[in-house]
Amino acid sequence: MAMPASEIERLIKDALPGCEVTITDLAGDGDHYAAHVVAPQFAGKMRVAQHKMVYEALGGRMGGELHALQLTTAVPN
């Protein structure tokens with residue numbers, strides 16, 4: 001079962017208020033996405049910790065509803 005991009009965006013924005021999220025459906029199949037997340041909560045955190053925050057926001061959907069996610073994170077300028 002595919003997960004809509006809007007749901008991925010909502011989950012991340014709910015967990016990281018004030019963040020900017022850009023979702024791209026890489027294969028057009030609703031199963032392979034890229035997400036770019038810019039969040040002030042990432043300040044001072046290593047990249048691994050930033051990615052962990054995003055995966056936690058997705059609430060265990062990786063590997064189930066959400067098959068693949070290419071993730072990039074950044075701190076706002």
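**From hairpin to crossover**

In this predicted model, β1 and β2 form a hairpin with six residues between them, and G28 in the turn has a positive phi of about 70 degrees. Strands (E, at least two residues) and helices (H or I, at least four) are DSSP runs, numbered from the N terminus. Residues are numbered from 1 along each chain as its sequence is written. Local features need pLDDT of at least 70, side-chain atom pairs count only at pLDDT 80 or more, and totals for chains, interfaces and linings use all residues, while side-chain values use heavy atoms, with hydrogens and water left out.

The pairing of β1 (residues 20-25) with β2 (residues 32-38) is antiparallel over six bridges, where two strands count as paired if DSSP finds at least two bridges between them. Within β2, H36 is the bridge partner of T22, and Y33 is that of D25.

β2 also pairs with β3 (residues 68-74), in the parallel sense and over seven bridges, and in β3 the bridge partner of H32 is A68. Between β2 and β3 the chain crosses through helix α2 (residues 47-57), and this β-α-β crossover is right-handed; that is, with the strands pointing away from the viewer, the path from the first strand over the helix to the second runs clockwise.

Five of the seven residues of β2 are buried, so β2 is largely enclosed by the rest of the structure, buried meaning under 20% relative accessible area (1.4 Å probe, protein chains only).

Key. Buried < 20%, exposed > 50% of the residue type's maximum accessible area, 1.4 Å probe, protein only.
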